[in-house]
Amino acid sequence: MTLSRRGLLTTTTATAVSLSAPPSSAAPAPVSGGERGRRLRTGFERLAADNYARLDGRRVGVVTNPTGVTRDLRHIVDVMHADPRVDLVAVFGPEHGFRGTAQAGGSQGRYDDPATGLPVYDTYGKSGQALADAFTASGVDTVVFDIQDVGARFYTYIWTLYDCMEAARLAGKRFMLLDRPNPVTGRSAQGPVLHKEFASFVGRQPVSQAHGMTVAELALLFNGEFLNAPVPLDTVLMTGWRRSDFYDVSGLPWVPPSPNMPTPDTALVYSGTCLFEGTNLSEGRGTTRPFELLGAEGVDGRWAAEAEGLGLPGVHFREAYFTPTFSKFQGKTVGGVQIHVHDRAAYDPVRTGIGLLVTARKVWSGFAWRPDDWIDRLTGSARVRTLIDAGATADEVVAAWQDELRAFRRLRGRYLVYA
């Protein structure tokens, strides 16, 4: 895999301005959590504190979902719609919808929002010219993106970001990114890097499985490396966020970004255990602990014991039994494991996910991949599947992607804007 770099010099000066320190006249509001005296403001908080000056004279459309909220849980669309300083003319909803009424793989379609009367356009399943046409039909000249990410390559909102940036470029629109924390820190990139022949909506470009970036940093990466040509981009960064911060340090309320992402604990394990979507085991959908509970009919306590024997850092495994209310094994009692992270700083979700796949295959004769080889889309190549099928250990599987991961880490480092 070759990772090329285009310089950011072709982007607009707005991006460079956004990377500078916030104006001294905009005093940050205090938040709970974190080190004493340290404060965090999201991109939206900074935008609003500056009286929406960056949107002056603009016809604005917002790409968002239920996570686009203020610290007191008002939706930013409702806030901006009520503010005469913002000419908000449209909303664009991703997977699960703008207000969050759709389950996985669903959206809300085109409708008028009852609360504001604004037209809501569906972005899910649209990209390229089709999405550019939706931007044109809406009458906006500036597309604003504000969605909480969870730090995993296969979480579709970052590819909604990518598709919207490309569509905005095609439609001749400006693009603004309002940043939010990566809830599982921005310390490091982990896992295999996507191979382009396996590109899909769970991975458009060669990014590692756990990317360790914020959405603003991803937007800069996309603009500098992966778009066909840069879009005029304005990134409104956070203040007060550090790469080592977990979500609870932010003092922000957690709104589930999707129906099966109920807590930051879910996000912590997701970049590893989502791989079970590519198997015939339940990944815990239909339980109160999705992606923390894994299992299938016929699995017993041997799996937890085998997984515990790997000695993976920061995590223990408990024998568990559960009955999913929907999705795989709906209404049936299944056996498996519950993941208990006891040291989140030491925990490696991707290595843990691989270890669980290897041990599940070892102890359960019924183990199988999804017939469509969805695991290849999730991991970004056929390598993980073929190595595990060949009897490789977890360490051998992890070792196989280290060269490409090092190359991605070097590329990623050029676009990191927080310490």
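Predicted model: local features only at pLDDT ≥ 70, side-chain atom pairs only at ≥ 80, totals over all residues.
Local features need pLDDT of at least 70 and side-chain atom pairs count only at pLDDT 80 or more, while totals for chains, interfaces and linings use all residues. Numbering runs from 1 along each chain as its sequence is written, and side-chain values use heavy atoms, with hydrogens and water left out.

**View 1. Helix α5 against helix α6.** The axes of α5 (residues 157-171) and α6 (residues 215-226) sit 10 Å apart at an angle of about 45° (lines fitted to C-alpha atoms over the stretch in contact, angles from 0 to 180 degrees between N-to-C directions; helices are DSSP runs of H or I, at least four residues, numbered from the N terminus). On the α5 side, the contact (heavy atoms within 4.5 Å) uses Ile158, Trp159, Leu161, Tyr162 and Met165. From α6 come Val215, Leu218, Ala219, Phe222, Asn223 and Phe226. By class, that's 10 nonpolar, 1 polar and no charged residues (nonpolar: Ala, Val, Leu, Ile, Met, Phe, Trp, Tyr, Cys and Pro; charged: Asp, Glu, Lys and Arg; polar: the others, Gly among them).

**View 2. Helix α4 crossing α5.** Here α4 (residues 128-138) and α5 have axes that come within 8 Å and cross at roughly 65°, so α4 and α5 are roughly perpendicular. Residues of α4 in the contact include Leu131 and Phe135, with Ala167 and Leu170 among their counterparts in α5. The contact has 8 nonpolar, 3 polar and 1 charged residues.

**View 3. The largest cavity.** This one holds about 50 Å³ of space (a cavity is a set of 1 Å grid points, over the protein atoms alone, where a 1.4 Å probe fits but cannot get out; lining residues have an atom within 4 Å of a point; points join across faces, edges and corners, and volume is the space filled by probe spheres set on them). Thr67, Val69, Gln148, Arg180, Tyr247, Pro253, Trp254 and Val255 line the largest cavity: 5 nonpolar, 2 polar and 1 charged.

Terms used: 1 Å grid on protein atoms, 1.4 Å probe; cavity = no way out; pocket = protein on both sides within 12 Å on 5 of 7 lines; lining within 4 Å. Helix = DSSP H or I, 4+ residues; strand = E, 2+ residues; numbered from the N terminus. Parallel < 35°, antiparallel > 145°, perpendicular 65-115°, else oblique.
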